Amino acid sequence: MAYCKVHQADIYYEDIGEGTPILMIHGYTPDHRLLSGCMEPIFNKKGGWRRIYIDLPGMGLTKNYAAINSSDDMLEAVLAFTQAVLPNQDYLIVGESYGGYLERGIIEKQKEHILGAAFICPCIIPLKEERSIEPHQVMKIDNQFIARLSQEELEDFKANSIVLDEYNWLRYREEILTGCTIANEQFLEKVKNKYAFSFKIDQSEFNKPSVFLLGRQDSAVGYKDALKIIDKYPRGTFAVMDIAGHNLQIEQPQLFNSLISEWLDRVAETTE
C-alpha cells in the first residue's frame with residue numbers, strides 16, 4: 001500500500017501506468033474505487049497515461065487526518081499531496097461529485113499546471129438547499145433481480161440509483177458501497193459544517209480541454225447549476241445524459257467511456 005505523508009494527513013493512493021499524470025478525486029463518502037472502477041477500463045485501450053487515485057481524508061484507507069476541519073483543509077491536503085507526488089509537474093484532473101468541487105478549488109490555486117479537467121456529476125453549489133436538483137425517480141427496474149436483494153440492500157440501491165438491475169447493482173456494490181461502509185461518518189459530518197470554501201472559485205476562464213458529465217435525473221447535485229458556469233470553460237464539452245443519476249458512470253457506461261476517451265484525445269492533441 002502506498003501512502004504520502006503531508007502535514008494534514010497520510011493519504012493513501014494507487015499509482016498505475018506511465019505517462020502524463022492524471023489525478024483522480026472521488027466524491028464524499030466512497031473511496032478511490034469509485035473512480036478506478038469506471039476509469040481503468042478506458043485505459044485498457046489507451047496507453048501513455050499515469051493514473052493516480054487517492055482516498056480523501058475520512059474515506060478509504062487515508063489516516064491521521066484529525067487536523068482537517070473544512071473543505072479548505074481538504075483542498076490544502078490534496079494540493080500538498082500533488083506537490084509531493086507531482087512536484088512542479090503538469091497534470092490532468094478528474095473529479096466526481098465533491099471531488100469536482102475540490103477540482104475547481106485546485107484550478108483556482110494551480111491553473112498553470114493543469115492540462116485538462118473532467119467533471120463527473122460535479123458538486124457546483126456546496127449547500128444542498130441552494131442547489132437546483134431533480135426529484136429522485138427510478139427510470140428502469142428489473143423486478144425479478146431486485147427480489148433477490150435484502151430489504152436493506154434494496155433500500156440503499158433505490159435511494160442512490162435510477163437503474164435497478166443486476167449490472168448496476170454489482171458495480172454500485174463494488175465501486176461505491178464498499179467505500180461508503182468504511183468511511184468515518186463522524187469526521188465527515190464535522191467537515192460538512194464547513195463544506196463551502198472560504199474563498200471564491202470560478203474567477204477566470206479555464207482554457208484547457210474539459211468535459212462535464214451531468215445526469216438529467218441526478219437528485220444529489222443536479223445538472224442545471226453546472227450549466228451556469230459554462231462560459232468559464234470555453235474548451236468544455238457539457239453533456240446532460242438522460243437515464244443518468246448521480247452514478248451516471250455506471251448507468252450510462254458507453255456514453256461515459258466515449259466522452260472521457262474523447263476528452264483524453266483532445267488533451268493529447270494540445271500537449272503534443
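This section describes the sheet, the packing of selected helices and several salt bridges in a predicted model.

Residues are numbered from 1 along each chain as its sequence is written, and side-chain values use heavy atoms, with hydrogens and water left out. Because the model is predicted, local features need pLDDT of at least 70 and side-chain atom pairs count only at pLDDT 80 or more, whereas totals for chains, interfaces and linings use all residues.

Secondary structure elements were taken as DSSP runs numbered from the N terminus (helices: H or I, at least four residues; strands: E, at least two). Eight strands form an open sheet with mixed pairing, in the order S1-S2-S4-S3-S5-S6-S9-S10; two strands are considered paired if DSSP finds at least two bridges between them. Axes here are lines fitted to C-alpha atoms, for helices over the stretch in contact, and angles run from 0 to 180 degrees between N-to-C directions.

Within the sheet, strand S3 (residues 20-25) pairs with strand S4 (residues 49-54) in the parallel sense over five bridges. Arg51 in S4 is the bridge partner of Ile22. Helix H2 packs on the sheet, where H2 touches S1, strand S2 (10-16), S3, S4 and strand S5 (91-96); contact denotes heavy atoms within 4.5 Å. The direction of H2 makes about 145 degrees with that of S4.

Helix H7 (residues 185-192) contains the buried residues Phe187, Leu188 and Val191.

Helix H8 (residues 224-227) includes Lys224, which counts as partly exposed at 37% relative accessibility. Not counting residues up to four places away in sequence, Lys224 touches Ser132 and Glu134.

Twelve salt bridges were counted, each defined by a side-chain nitrogen of Lys or Arg within 4 Å of a carboxyl oxygen of Asp or Glu. One of them joins Asp10 to Lys5, with the closest N and O atoms 3.3 Å apart. Asp10 is buried at 9% relative accessibility, whereas Lys5 is exposed at 68%.

A further salt bridge is formed by the side chains of Asp15 and Arg50 (2.6 Å, N to O). Asp15 lies in strand S2 and Arg50 in strand S4, so this pair ties together parts that are 35 residues apart in sequence. Asp15 is partly exposed, with a relative accessible area of 36%, while Arg50 is buried at 19%.

Asp265 also forms a salt bridge, with Lys46, at 2.5 Å between the closest N and O atoms. This pair links distant parts of the chain, 219 residues apart: Asp265 lies in helix H10 (residues 253-271) and Lys46 in the loop between helix H1 (33-43) and S4. Asp265 counts as partly exposed at 36% relative accessibility, and Lys46 is buried, with a relative accessible area of 17%.

Note on methods:
Buried means under 20% relative accessible area, exposed over 50%, partly exposed in between (1.4 Å probe, protein chains only).
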